[in-house]
Amino acid sequence: MSTAQLHFLKGHGTENDFVIVPDPAGLIDLSPAAVARLCDRRAGIGGDGLLRVVRSDAHPEGRRMAAEAEWFMDYRNADGSVAEMCGNGVRVFARYLQHAGLAESGDLAVGTRAGVRRVHLAKDGDLTVGMGRAALAAGPDAEVTVTVGERSWPARNVGMGNPHAVAFVADLADAGRLYEAPGVAPASAYPQGVNVEFVVDRGPRHVAMRVHERGSGETRSCGTGACAVAVAAARRDGVDPAATGRPETYTVDVPGGRLVVTEHPDGEVEMTGPAVIVAEGDTAPGWL
């Protein structure tokens, strides 16, 4: 299908914003350059990433999930690179399906490159996503080092379907301007790149974070990052639901709002937060 004129929507979850491209039949071929142009904040629509909405059976990476999830989230970073998962993106994706009359309030399964994610859609409220289990790296890659300028901090290597380095700092300003990716060592810990979170305490089971997302730069929020931060904070605090048999909930403040993350005794991590559709339109003929 030609991309001479493209229908799109714009949405955000805690100000982590996305260009949404409906493509149920999987006919639109979006090159990395086209995605980067759409996500450009000065010369395009603008977004931290792009969500292509495709039926699972129409996407080569979604077909294996089609029996469980009708829809597949083809997520791209703002630079056009492919990413495994986006927690805020899943909520916005589900909100779009509700907005378009393709899903009703209640429970919904969404296929992603990190596997099927289950979403509960409140009719007029927040959405809760089953984010899967956190993977805490072991061995020499368990503890990594994050560097900004001349300062370095130890960080926890946490996987949430995509890779994270979580560093606890004294002040969120310590992260600097985050125009460029912080240094992370050893490089072998993250062969595909990494999202880096800087975290401070706000109170009991309450933290705040800033994040540099690979392929996008600093964003106003990162859902998988908030989950990684909550799990890392729990382990730092000596809390492990698998050991206590009790779910543990952390509030995670991000520059764009607030997310609530619960880790259950079976390891499942749930994230609750808002998702909003703000605009809908078409690109100018021939622009893309």
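Modeller: Two strands pair if DSSP finds at least two bridges between them. Keep in mind that this is a predicted model.

Biologist: Which residue stands opposite F18 in strand 2?
Modeller: Strand 1 covers residues 7-13 and is joined to strand 2 by 5 bridges. The two strands run antiparallel. Opposite F18 in strand 2 stands G11.

Biologist: Which residue in the turn between strand 1 and strand 2 has a positive phi?
Modeller: These two strands form a hairpin. The turn has 2 residues between the strands. With a phi of about 45°, the residue is T14.

Biologist: What is the hand of the crossover from strand 2 to strand 3?
Modeller: The chain leaves strand 2 and passes through helix 1, residues 32-39. It then reaches strand 3, making a β-α-β crossover. Its hand is right-handed.

Biologist: How many aromatic pairs does the structure hold, and what kind is the pair of F18 and Y75?
Modeller: The structure holds 2 aromatic pairs. The ring centres of F18 and Y75 are 6.0 Å apart. Planes over 60 degrees apart count as edge-to-face. The planes here are at 75°, so the pair is edge-to-face.

Biologist: How many residues apart are F18 and Y75?
Modeller: F18 is in strand 2, residues 16-22. Y75 is in strand 4, residues 71-77. The pair links distant parts of the chain, and the separation is 57 residues.

Biologist: Is Y75 buried or exposed?
Modeller: Buried means under 20% relative accessible area. Y75 has 2%, so Y75 is buried.

Biologist: What kind of pair do W153 and F198 make?
Modeller: W153 is in strand 10 and F198 in strand 13, 45 residues apart. Their ring centres are 6.0 Å apart. Their planes stand at 85°, so the pair is edge-to-face.

Biologist: Which residue has its charged end over the ring of F168?
Modeller: The charged end sits 4.4 Å from the ring centre. The residue is R236.

Notes:
Residues numbered from 1 in each chain as written. Predicted model: local features only at pLDDT ≥ 70, side-chain atom pairs only at ≥ 80, totals over all residues. Heavy atoms only, no water. Phe/Tyr/Trp six-rings, centres within 6.5 Å; stacked < 30°, edge-to-face > 60°. Helix = DSSP H or I, 4+ residues; strand = E, 2+ residues; numbered from the N terminus. Buried < 20%, exposed > 50% of the residue type's maximum accessible area, 1.4 Å probe, protein only. Lys NZ or Arg CZ within 6 Å of the ring centre and 35° of its normal. Right-handed = clockwise from strand over helix to strand, strands pointing away.
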